[in-house]
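Colleague: I've got a model open on my screen and I'd like to learn how to read it. Could you walk me through it?

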Amino acid sequence: MSISIEKLEDDLKQLRLVETAGELANILRNAEKESLTYRELILKITSYELGKRDERNIAKRLKWAKFPYMKTLSDFDLTKQESLTKRQLKELEELSWLEQMFNIVLLGPPGAGKTHLAIGIGLEAIQKGFQVIFISMGELVNMLKTEEYVRSSQVQLNRIRKSDLLIIDDLMYMAMDQREANLLFHLINHLYERSSIILTSNKSPEQWVELIGDEGITTAILDRLLHRVEVINLNNDSYRMKHRESIFTDKSVQS
Ligand code: ADP
Ligand code: MG
C-alpha cells in the first residue's frame, strides 16, 4: 500500500507536530539517502520537532524579557574591566548561582558595564531555558502602582512573579515614597527563595536606606535581597567615557 505524503502530513498536524509536517518530505528523502534504521528515522523526527520547539520557546522568552538592547557576555571586554576576573565571569556565565537562587548586585559608576553584564547574563539564562525579565527600577515601580487597572502591568508582573531571574536595572535612582516601597517589598518578598534577582545600582546598599526612606521597609527589603548574594563592584573608569563617540572629527578638540 502506498501512503501519500499528504496523509502523513495531515496526521502529523493533527498530532500538533506542525514543524515536522512541513519538513517531512525532506526528512524522508534524507532518510532514504542515508539508509537510516527505523529507530534513527524516529529519532530524526522527534529531535527535529523538539529542536524547533526549543527555538520557538527561546524566541518567546526573549520577547518577554524586554531587554533594552542585546549585548552578550562574549562582547564584555575584561581588559577594560579589571575589577572582574575571567574566572568570576565564567562563574556568572555557568549560572549555578541561578539554580541555587542566589542574587547578584552589580555596583559601579555610570558606564561601568553593569547593564551590559546584566543583559549578557540574562541572554545566557534564556538560552539555557530560564525565564528572565529585565526592567528598570522606574518602570517596575510604575507597573506595581498601576497593576490594579492597567492590563499590560498585570501581564508583565505575572511574568515577573513566575520568572527564574528578574533583572532590576538602576535600583534607587529615585527616592521612593512609603506606598512604592511597600509594593516593592511585597514583590521582593514573593520572589525571595523562589527566583534570583540581579540588581544594578550606582549607589551602595548603605545609601539605599536614604532613598527608600522608611528604615523598617528598607531593612526588610535588604534582608531578603542580601541574604544569599554575590556583590560585584565594577568600579573602574567609565567604559562609556573612554569609548565615547564624538561629534567632532578633529579628535584634538576633545582633549
Ligand atoms: P552602566 O549600566 O554601568 O551605566 P552600561 O552597561 O550601559 O553601563 O555600559 C555603557 C556602554 O559601554 C555599553 O554600550 C556597554 O556595552 C559598554 N561597556 C561597558 N563596559 C564594557 C566592557 N567591559 N566591555 C565591553 N563593553 C562595555
Ligand atoms: Mg545601566
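This is a predicted model: local features need pLDDT of at least 70, side-chain atom pairs count only at pLDDT 80 or more; totals for chains, interfaces and linings use all residues.

Colleague: How does the cut-off work, and where in the chain is L95 found?

Modeller: Buried means under 20% relative accessible area, exposed means over 50%, and partly exposed is what falls in between. As for its place, L95 sits in the loop between α4 (86-94) and α5 (96-99).

Colleague: What is the phi of L95 near?

Modeller: First the general idea: most residues other than glycine have a negative phi. In this model, phi of L95 is near 65°, a positive value in a residue other than glycine.

Colleague: Is R16 buried or exposed?

Modeller: Use the cut-off again. R16 has a relative accessible area of 66%, so R16 is exposed. For L95 the value was 0%, which made that residue buried.

Colleague: Okay, now contacts. Which residues does E49 touch, if I skip those up to four places away in sequence?

Modeller: The idea is to set aside the sequence neighbours and look at what is left. For E49, that leaves R16, L17, V18, E19 and T20. E49 itself belongs to helix α3, which covers residues 38-65.

Colleague: And is E49 buried or exposed?

Modeller: Buried: its relative accessibility is 4%.

Colleague: Can we try a residue in between? What does L226 look like?

Modeller: L226 has a relative accessible area of 30%, so L226 is partly exposed. You'll find L226 in the loop between α11 (215-225) and β5 (229-233). Leaving aside neighbours within four places in sequence, L226 is in contact with V105 and P205.

Colleague: How do I compare separation along the chain with separation in space?

Modeller: L226 and I167 are 59 residues apart along the chain, and their C-alpha atoms are separated by 15 Å. Now take N142 and E180: 38 residues apart in sequence, and 8.6 Å from C-alpha to C-alpha. Then there are N158 and V141, which are 17 residues apart in sequence and 14 Å apart in space, C-alpha to C-alpha.

Colleague: Where are N142 and N158?

Modeller: N142 is in helix α7, residues 137-146, and N158 is in helix α8, residues 151-162. N142 is partly exposed at 47% relative accessibility. N158 is partly exposed as well, at 39%.

Colleague: Let's zoom out. How many helices and strands does the protein chain have?

Modeller: There are 12 helices and five strands in the protein chain. Its radius of gyration is 24 Å, well over the 18 Å that the globule rule gives for 255 residues, so the chain is more spread out than a compact globule. Along its principal axes, the C-alpha trace spans about 80 × 55 × 35 Å.

Colleague: Which domains does the assignment give?

Modeller: Domain 1 covers 5-63 and domain 2 covers 66-233. The contact between them takes four residues from domain 1 and 10 residues from domain 2. Their C-alpha centres lie 39 Å apart.

Colleague: What share of the residues counts as buried?

Modeller: Of the 255 residues, 38% count as buried. The chain exposes about 15,300 Å², and carbon and sulfur atoms supply 51% of that.

Colleague: And what about charges: how many positive and negative side chains are there?

Modeller: The chain has 35 positive and 38 negative side chains, with the centres of the two sets 3 Å apart.

Colleague: One last thing: what share of the contacts joins residues at least 24 apart?

Modeller: Among contacts between residues at least 6 apart in sequence, 78% join residues at least 24 apart.

Note on methods. Residues are numbered from 1 along each chain as its sequence is written. Chains are lettered from A and ligands numbered from 1 in the order in which they are written. Side-chain values use heavy atoms; hydrogens and water are left out. Helices (H or I, at least four residues) and strands (E, at least two) are DSSP runs, numbered from the N terminus. The radius of gyration is taken over C-alpha atoms; the globule rule is 2.2 Å times the number of residues to the power 0.38. Buried means under 20% relative accessible area, exposed over 50%, partly exposed in between (1.4 Å probe, protein chains only). Contact means heavy atoms within 4.5 Å. Accessible areas come from the Shrake-Rupley method with a 1.4 Å probe; for residues, only the protein chains shown count as cover. Lys and Arg count as positive and Asp and Glu as negative; His and the chain ends are not counted. The place of a charge is taken as NZ of Lys, CZ of Arg, CG of Asp or CD of Glu. Domain bounds come from an automatic or database domain assignment.
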